[in-house]
Each structure stands twice: as C-alpha cells, then as structure tokens.
Amino acid sequence: MQILVIVKKDSEFLNTFSFDNFVNTLNLNKESLALLHKKGGYEHSLFIYSFIDNSFETTQRAVHQAVLDKIFDFDVFCLSHLPNLNSSGVLVMDMDMTSVQIEGIDEIARALGLYDEIARLTEQAMLGHMDFNTSLTRRVALLKDGDAQVLDKVKGIMHETDGLSVLLETTGKAKWGRGIASGGFTQLIEVLEHKYNLDMVRANTLEIKDGRFTGKVVGEIVNAQAKADAICSFAKDRGVSLENSVCIGDGANDLLMLKQSGLAVAYHAKPKVQQEVAVALNYSSLAAIALLLETMAC
C-alpha cells in the first residue's frame, strides 16, 4: 500500500481544497495519483490518494520537504504502510504536549516559584540540546523540599490535547492496547490512566517523603531508550507486531520510541522530530489519526 494523505481540522476544507493547486505547487504528475477516499469526520477533512505508478519515493521526499518549509496550511504525508484497526494493535503516546497541553514539570515548578530555571532546562532537553537524564536530574533536584500538594493544582490545569478522547475511544473500541510512555511523572499521568483505563504506563515517579519532594525520582530514569523499550515490550506482551502499532510524540526523547512503530506521528513537534519523522500533524488534532485509521479499515 502506498498512499498520500491530506488532512486538516476544518470541515469546510473538504470543499475548498484544490488538488490541481497542490500537485502544481510540488510539480507532481497529476496522473500519478488516484483519489481513494474523500471524507469528513471529527471536524476534519480527509483526502486519501493511491499511487498508480512508481513515483512514491519522489513524492514522499517532495511532500516532506514542503512540510518542513511550511508551504501548506494543511497536513500532508505519504505512507507505504498503515496499521490495521481491524487487527490487534497498540497505541503508545507521549504525555506532555502530546496527550495533554502542559509540560508537567514546568507547571510543578511554576506552582513552586521555580518556573524560569526549570523551563529553560526542559526546552533544552526537548530540542535535543541536553542529555535527557542530565536535564531531568537537574530539574527534579530543584524541586527538593517543595510541597507535593502542588501536584493537585497541576492536575487541575492539565487540559487534554484536542482529539485525545476520540483517538483513545476509537482504538479502545477496536480492542487495541493503549498506553503512555513518558519522561514525565506517574503522579500526573494517573489522571488519564484512570479516566481511559489505559493498559500501560511507563514513566518517572517523583519521590515524596513527609509531603515534600526529595529532589529525586524513584528508581531508574525513564528516558528515550526506556520509552522505546516500553513500546516493544508492550506490543510483545499483547502478541502484537510492531508493524500494527501507532506511536505519537513531540520531543527529541520520543524519537527512539517513534522509530519502533508502524505509524510514527510527530504531533505539533519540535523541528528535530519533524525532520526525522515522515508523518507530522501541525494543522490537525489527534482525531485525524482516528479518522485515518477508521477510513482505511472500512
């Protein structure tokens, strides 16, 4: 299967999108693509085209570069493989700025009056400018002696990413395994774990003694490699091929995990991630993934 996907969170886009303008912008051969599906759903417009010649690799490179150059105001990507919603599969997501729209440790820091210094270290880690273990160790150390009750305050402002419920419900109905693998903290992830009955959580746990942060995490740090190992073991434990997995992330420490999956999605991701991952969503919500999977499963 070789397909080109165009999607955007805009129901009117279904009627305003110009295929001719698209192919002309990229200097593509219009006759090389055939429309498979044109569908609206979850406030999105979705177009899926099949390749009818051997232009897939050329088109894929052109499309990816166009995304990096921000030529279009919609999401577009090429796929040679798409997980099948009708077969056993797994969905694994990052937490901060992927499943929810906060950086957990930054908001803990804000509540403790430590935001500026910790947010700077977070940004360096997410951009890949600092080793994650070093960054996390330094950030957590700054929390030492802080009142752990601020976790409740952070949970109160922890807004779910647009489309999260649609994606989790869609994969849940298909009996897929669903999990979060994150460098963030179990004390925050438990909100989603309990709400959606997640099957797997692999993340760090802040050590708390006498109601205060100790400045350490419990056990080994969950870093990029641990996250990659998590999706592999999760799929193996459920008897699922990694080819039938979807993984979504936004930061540099998600790259190893993303590269294990059948469909890797860079969701409103940092530049380094968008450069290395062929599928990027910048104009769509997480519901676009559900719409794509459902459409191709019909």
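User: What makes helix α4 (residues 104–111) "mostly covered"?

Analyst: In this predicted model, six of the eight residues of α4 are buried. Those are Gly104, Ile105, Asp106, Glu107, Ile108 and Ala109.

User: Why is the pair of Phe17 and Phe22 called tilted?

Analyst: Their ring centres sit 6.3 Å apart, and the cut-off for a pair is within 6.5 Å. The planes meet at 55°; under 30 degrees would be stacked and over 60 edge-to-face, so tilted is what's left. Phe17 and Phe22 are both buried, by the way.

User: What makes Phe22 and Phe72 a tilted pair?

Analyst: Run the numbers again: 5.3 Å centre to centre, with 45° between the planes. That falls within 6.5 Å and between the two angle limits, so it's a tilted pair. Phe72 is buried, and so is Phe22.

User: How do you know that this pair links distant parts of the chain?

Analyst: Phe22 belongs to helix α2 (residues 19–25), while Phe72 is in the loop between α3 (56–68) and β4 (75–79). They're 50 residues apart. Both also belong to one aromatic cluster, with Phe13, Phe17, Phe47 and Phe74.

User: How do you know that Arg110 lies over the face of Tyr115?

Analyst: Arg110 is 4.1 Å from the ring centre, against a limit of 6 Å, with an angle condition of within 35 degrees of the ring normal. Lys8 lies over the face of Phe13 too, at 5.5 Å.

Conventions
Residues are numbered from 1 along each chain as its sequence is written. This is a predicted model: local features need pLDDT of at least 70, side-chain atom pairs count only at pLDDT 80 or more; totals for chains, interfaces and linings use all residues. Side-chain values use heavy atoms; hydrogens and water are left out. Rings of Phe, Tyr and Trp (its six-membered ring) pair if their centres lie within 6.5 Å; planes under 30 degrees apart count as stacked, over 60 as edge-to-face and the rest as tilted. Buried means under 20% relative accessible area, exposed over 50%, partly exposed in between (1.4 Å probe, protein chains only). Helices (H or I, at least four residues) and strands (E, at least two) are DSSP runs, numbered from the N terminus.
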